[in-house]
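Have a look at the model first.

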Amino acid sequence: MTNSNCKANQSIRCTVQQCEHHCNEKDYCSLDCITVGTHEANPTMVQCTDCESFKKRS
Ligand code: SF4
């Protein structure tokens, strides 16, 4: 599904196309601001971090 009205926030690049907030053709997030967190007690690498603003595309 494409969303041509998507307002890409040029300050937040993202490649997670399955997210409701992703701007499809453009690899940007459409939110003004996101929250990044971790699911680890002691994060040590990039895989330990998560976008907590992720919402599954409906
Ligand atoms: S909310 Fe997070 S995962 Fe979703 S498009 Fe924005 S940066 Fe990507």
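Predicted model: local features only at pLDDT ≥ 70, side-chain atom pairs only at ≥ 80, totals over all residues.

## Around the ligand

Which residues surround the ligand? They are Cys14, Cys19, His21, His22, Cys29, Leu31, Ile34, Cys51, Ser53 and Phe54 (near means a heavy atom within 4 Å). That shell splits into 7 nonpolar, 3 polar and no charged residues; here Ala, Val, Leu, Ile, Met, Phe, Trp, Tyr, Cys and Pro count as nonpolar, Asp, Glu, Lys and Arg as charged, and the others, Gly among them, as polar.

## Ground rules

Numbering runs from 1 along each chain as its sequence is written, and side-chain values use heavy atoms, with hydrogens and water left out.

## The salt bridge

The structure has 1 salt bridge (a side-chain nitrogen of Lys or Arg within 4 Å of a carboxyl oxygen of Asp or Glu). Asp32 pairs up with Lys7, with 4.0 Å between the closest N and O atoms. Asp32 sits in the loop between β2 (28–29) and β3 (36–38) and Lys7 in the segment before β1 (9–13), so the pair ties together parts 25 residues apart in sequence (strands are DSSP E runs of at least two residues, numbered from the N terminus).

Both ends are out in the open: Asp32 is exposed at 67% relative accessibility, and Lys7 is exposed at 57% (exposed is over 50%, buried under 20%, partly exposed in between, using a 1.4 Å probe and protein chains only).

Asn24 isn't a glycine, yet its phi is positive, about 40°. Asn24 belongs to the loop between β1 and β2, and is buried at 12% relative accessible area.

Technical notes. Helix = DSSP H or I, 4+ residues; strand = E, 2+ residues; numbered from the N terminus.
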